[in-house]
Amino acid sequence: MASLGCCSSLSLTRTSQLNFSNNHKRIMTCKPLRKRNVEIRAEVNYVSSDEAKELVSAEGYVVLDVRDSSQYDRAHIKSCYHVPLFIEDKDNDPGTIVKRTVHNNFSGLFFGIPFTKRNTEFVKSVRSQFSPDSKLLLVCQEGLRSSAAANELEKAGFENISCITSGLQSVKPGKIPHLYRQTDTSLVHVIIYISVVVDHLSHWQQCFKFYDNRTFESVGSAELQNAGKAGLVTVQGKISAVLGTVLICAYLFITFFPDQAEKILQMVPGS
């Protein structure tokens, strides 16, 4: 009976190979059992808006805005880069025209969202501006597009990617802290003047500083957290207030002046 001996060897790509030998000193090599490629990729770092500000100011991260052009134009972080993950779809094939018409009459009308398609040149555009070891902070409005963009860049070999968890809608508004905004301006001036007199100006400057380090300096007509709001949703509060006022007035008129209300209703055609 032939006796068999077995040894295994592993390559860098995890290829398994078995060599069998019998009593006649002949070696029989079997085919690899399986081949497994090992790939190591960096993980995307998800941070809060406060932590994101720290990444930019202390660790040298560059802000990359991946929103569409309409939201970017309304408000964006100063000195950021803009490479949209989705671009406006202006194709004129029949299917696209139908979809665009339906979109513009519903979500486009109410939310001011343009009809878009995936930007197939996204990774190529980012590669043309940044090296794979660049520190990038990806931002969008709600955090979904930046997460999708981060996954694409991660697959493309980018190593230092961070995203704001809830997007720019979670960024604190304005540059002036709440304490200053809610305090009477004249009172603040008096306090600062007194602090100068008693040589404690530095203390009050810190208490009433005009720039909040936890916010981003923005450019545009809106606040960063409101850049995603457009269309009818921006005026729905005013419309609701007007309709509510009209209904309340009508109810009070019918309640306190029923005779006059009945005469008015009789004047309506078909009543």
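Biologist: What relative accessible area does Ser 70 have?
Modeller: Ser 70 has a relative accessible area of 24% and is therefore partly exposed, because buried means under 20% relative accessible area, exposed means over 50%, and partly exposed lies in between, with a 1.4 Å probe and protein chains only. Please keep in mind that this is a predicted model, in which local features need pLDDT of at least 70 and side-chain atom pairs count only at pLDDT 80 or more, while totals for chains, interfaces and linings use all residues. Residues are numbered from 1 along each chain as its sequence is written, and side-chain values use heavy atoms, leaving out hydrogens and water.

Biologist: Which helix is Ser 70 in?
Modeller: Ser 70 belongs to helix H2, residues 69–74, where helices (H or I, at least four residues) and strands (E, at least two) are DSSP runs numbered from the N terminus.

Biologist: And what does the side chain of Ser 70 make a polar contact with?
Modeller: The partner is the side chain of Asp 68, at 2.3 Å. A polar contact is a pair of N or O atoms within 3.5 Å; within protein, one must be able to donate a hydrogen and the other to accept it, and residues adjacent in sequence count only if both atoms are side-chain atoms.

Biologist: Asp 68 makes me curious about the largest pocket, so to speak; which residues line it?
Modeller: Asp 68 is one of the lining residues, and others include Gln 71, Phe 86, Arg 145 and Lys 229. The lining divides into 2 nonpolar, 6 polar and 4 charged residues, where Ala, Val, Leu, Ile, Met, Phe, Trp, Tyr, Cys and Pro count as nonpolar, Asp, Glu, Lys and Arg as charged, and the others, Gly among them, as polar.

Biologist: How much space lies in the largest pocket?
Modeller: About 210 Å³. On a 1 Å grid over the protein atoms alone, a pocket is an open set of points where a 1.4 Å probe fits, with protein on both sides within 12 Å along at least five of seven lines, and lining residues have an atom within 4 Å of a point. Grid points are joined across faces, edges and corners, and the volume is the space filled by probe spheres set on the points.

Biologist: Switching to helix H6, is Ser 146 buried or exposed?
Modeller: Ser 146, which lies in helix H6, counts as buried because its relative accessibility is 0%. Its side chain reaches the backbone oxygen of Gly 143 at 3.2 Å. Leaving aside neighbours within four places in sequence, Ser 146 is in contact (heavy atoms within 4.5 Å) with residues including Val 66, Leu 138 and Cys 163.

Biologist: What about Glu 154, buried or exposed?
Modeller: Glu 154 also lies in helix H6, and with a relative accessible area of 13% this residue is buried.

Biologist: Now the largest nonpolar core: which residues touch the most other members?
Modeller: Of its 18 residues, these are Leu 64, Phe 122, Val 126, Leu 138 and Leu 153. Helix H5 (122–129), strand E10 (135–139), helix H6 (144–155) and strand E11 (160–164) each supply at least two residues. A nonpolar core is a set of buried Ala, Val, Leu, Ile, Met, Phe, Trp, Tyr and Cys residues joined through side-chain atoms within 4.5 Å. A second, separate core of 17 residues includes Tyr 72 and Ile 164.

Biologist: Last one: where does Ser 79 lie?
Modeller: Ser 79 is in the loop between strand E6 (75–77) and strand E7 (81–82), and at 65% relative accessibility Ser 79 counts as exposed. The phi of Ser 79 is near 70 degrees, a positive value in a residue other than glycine.
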